[in-house]
Amino acid sequence: MNSEQITFSLEQILPRVQKPGRYVGGEFNQVQKPWNQVDIHIALVFPDIYDIGLPNLGISILYDLINQREDALAERAYLPWVDMEKEMRIGGIPLYSLESKTPLNQFDVIGITLPYETLYTNVLNALDLARIPLLSSERQNHHPLVIAGGHACYNPEPMACFFDAMVIGEGEEIIHKIIDVIKAGKRAGLSRDEQVRLLSKLQGVYVPSLYTVTYSAEGTIESFKPTHKDVPTRITRQMAAVLPPPPTRFLVPLVEVIQDRVAVEIMRGCTRGCRFCQAGWIMRPVRERSVQEILAAIDAALKATGYEEVALLSLSSSDYTHIHELVKAVRERFSGKNLSVALPSLRIESFSVELMDELQKMRPSGGFTLAPEAATDRMRQIINKPVSTEQLLDTVRTVFQHGWTSVKLYFMIGHPEETIEDVQAIVDTCYAVLREGRKIAGGRAKVHAGVSTFIPKPHTPFQWVACDTIEQITAKQEILMKGLKNPNIKLSWVDPKDTLLEAWLSRGDRRTGEVILRAWQNGCKFDAWSEHYNYNAWLTAFDSCGIDPFKYSHRERSLDEILPWSHINSGVRTSLLKQDYLWSKEGKTRSDCREHCFGCGILTEYGDLRLSMPNSTWQCPEV
Amino acid sequence: MNLPQSILHRYRITYARLEGTRYVGNLDMIRLWERSLRRAELPIAYSQGFSPQPRMHFASTLPVGFLSEMELTDIWFTSFIELDTLKEKLESNLPAGIKIRQIMEISLSTPPLQTQVKAADYQVEIFSTTLEDLQERITSLLEKQSIHRERRGKPYDLRPLIFSLKLGDTRQSLEMTLSCQESATGRPEEVLSALDLDPLAARYTRKTLHLTDPRGKG
């Protein structure tokens, strides 16, 4: 089908599906370039439905950067919901781009973002709908290059066989280098193999087909080697020394999506070193944007979009050096304009009454969220989030005093060395918070406990530890459910079967690829949607590949074994992760590294980069 | 509104909805207009309360999937805007699927737009194969005294809501005028169903909104 035929067919089938506005594009700020006037055509894919994918900041950034180039265009595609997929398959409509309704297999590059692991089967479904062979090894020269990016790529192995290349790290600079290489290769008539070989020379680009893995009799990795001498043994993540200007011409959807607002990243990275937090370890160093740059971006974005909400994003907003100045300036500049401002990710301990005063003036909506993550001092030392219960209660008191009546608390169960007492303490803490609320807000005070389950993520100090079993998780959740039966306390938790799938997919190795393929063949898709997730189909898929999934989730790994992601270099030294893990067993904490450099490896790995930017805003102390 | 009436200005905007906004529902249209007005930095008059809403009236909900050559929206501003300036600002800030046809300032005391609409003309292009007997089906439908139908579980009579119904220029299209009042809205898909045609296999275009009864019954 060509784009006219697709447009014609869409008119026939869209009346039969829910929310057809998802499938036609036409957003304000959409970029549509004449196909023949550019050299390189890139389809950016978020492998879930439009409503979830449209606000994705990574795609927004790449869309903007690529379309600023004269020689390239970027268009978008999302996964159709099941009703639309059925109509597309019946009608023979391939997955197409929203802008020009071009079938995806006509593009030079398909860029798929993998922000989390439960999207993996959707990637296969997208490729299948696009009529692109699922396995990289089966693609011919005329097929697009299929490239992944996003945080899940920090363990690229489970999806390695489906991608021609995977980008490790930040996309803003590498995207241009990738386009340049592909453009030159296309002009020179290079084959696929020659193209990916050249891409593998770029820092941060991993080409899975250029590596071989062998396994020991016990099933652990014995060796992981490049197939050629000029292919790097380790792939060092790509990182921008200075954050490039944030995007401001956001796509404004015509139909409702989640997080429908302007998003401005105020800083990237975090210096706290919570041991469970992958983002905190893989996004170092901390790079801040100036207050002026942020204000200008908000201003430009509001003019370009007309949005009525702005979110100021980072991993830990209250750690942003100029947070007071920023919040005050935002309020002064935009007050009276019916604008609401969201400032998520506030830390309990770096939070002042002045900041609370400012936030209160900015149309606070709904509840106030804090993330203690654990409820006993011992547990918080183990995970290196050493806030005290007193600090938490002090902050909560201030929150209620400022007029909020509902507080949301994020906790995790399943941390290493967690006991039943630590879980019971979550219950006690929720009641202590509710009591503080009642003193101030009376009967209106509400507590919402969001309790997720810990998964040891790659590239963190906990990467060697085992997950709790379903039985352990269930027992802990029962304590919470029984303990938190109160009309003013709401509890939400994660189904242990969801947790396990995420654990298998984030801790898996190359052999997991076949399992993902089987699972998709067994009908798995939309695994992040509870109504579609099929645990038993996954177990069947593992079984048919002769792999025990519980070995991925419940086996404590030895400190000297080759991990599936050992060839990915986040910039942080493995020896530091090991030391930090051993410290956790001793209950030893590590302070914020803005105060004292622990030599995590970033300054060594990216020393040249820092030297080349004498005025860079890295928040690392001088060493 | 706590603003004195004297500083408010009310504008009636007539526009077409093209392919680009064909699948936008009613709530999404309200948000689409608000964001377009905000981009244009026009002095929107907001309602009071915890979550202020822009003061706007829409004539009649256009079903998802319909095109339209005539939609009406009233918008209140807190200051006077030259009509040409307003048109220009709207044109550069509305999405491609909306085309402004006319703008005029109207009296603040004009009754709510949704109460003024009486009827609507529709053109319906039918996708299915040529229907030799379509004229006969129309004739026999119109001869009926009542057409009992059910919508969302509620029975109603479609017949009095059909003011006129005829074949279009081609045998593949219909032209109809249907009642379009808040309590008595005729839906063209229902007319197709009553003609035993697949209501999903058609392209609907609203051609006109009538603010006076087209049958001359005021």
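This is a predicted model: local features need pLDDT of at least 70, side-chain atom pairs count only at pLDDT 80 or more; totals for chains, interfaces and linings use all residues.
Biologist: Let's zoom out. How many helices and strands does chain A have?

Modeller: Chain A has 22 helices and 19 strands. Its radius of gyration is 24 Å, close to the 25 Å that the globule rule gives for 623 residues, so chain A is as compact as a globular protein of that length. Along the principal axes, its C-alpha atoms fill a box of roughly 70 × 65 × 55 Å.

Biologist: What share of chain A is buried?

Modeller: Buried residues make up 49% of the 623 residues. As for contacts in chain A between residues at least 6 apart in sequence, 77% join residues at least 24 apart.

Biologist: Now pick a helix. Which residues of α20(A) are buried?

Modeller: In α20(A), which covers residues 574-585, the buried ones are A:Leu577, A:Asp580 and A:Ser584. Looking down the helix axis, they fall within an arc of 65°, so they line one face of the helix.

Biologist: Why would residues a few places apart point the same way?

Modeller: An α-helix has 3.6 residues a turn, so residues three or four places apart end up pointing the same way.

Biologist: What's on the other side of α20(A), and what covers the buried part?

Modeller: On the other side, A:Ser575, A:Leu582 and A:Lys585 are exposed. The cover over the buried residues includes α12 (377-382) of chain A. Just after α20(A), A:Gly587 takes a positive phi of about 70°.

Biologist: Last topic: how many residues does each chain bring to the contact between A and B?

Modeller: Chain B brings 20 residues and chain A brings 20 residues. On the chain B side, helix α1 (residues 26-39) gives the most, with six residues. That side of chain B divides into 10 nonpolar, five polar and five charged residues.

Methods
Residues are numbered from 1 along each chain as its sequence is written. Chains are lettered from A and ligands numbered from 1 in the order in which they are written. Two residues are in contact if their C-beta atoms, placed from the backbone, lie within 7 Å. Helices (H or I, at least four residues) and strands (E, at least two) are DSSP runs, numbered from the N terminus. Ala, Val, Leu, Ile, Met, Phe, Trp, Tyr, Cys and Pro count as nonpolar, Asp, Glu, Lys and Arg as charged, and the others, Gly among them, as polar. The radius of gyration is taken over C-alpha atoms; the globule rule is 2.2 Å times the number of residues to the power 0.38. A residue is buried if 20 or more other C-beta atoms lie within 10 Å of its own, exposed if 12 or fewer, and partly exposed in between; C-beta atoms are placed from the backbone. The expected span of a helix is 1.5 Å times one less than its number of residues. The arc is that of the directions from the helix axis to the C-beta atoms.
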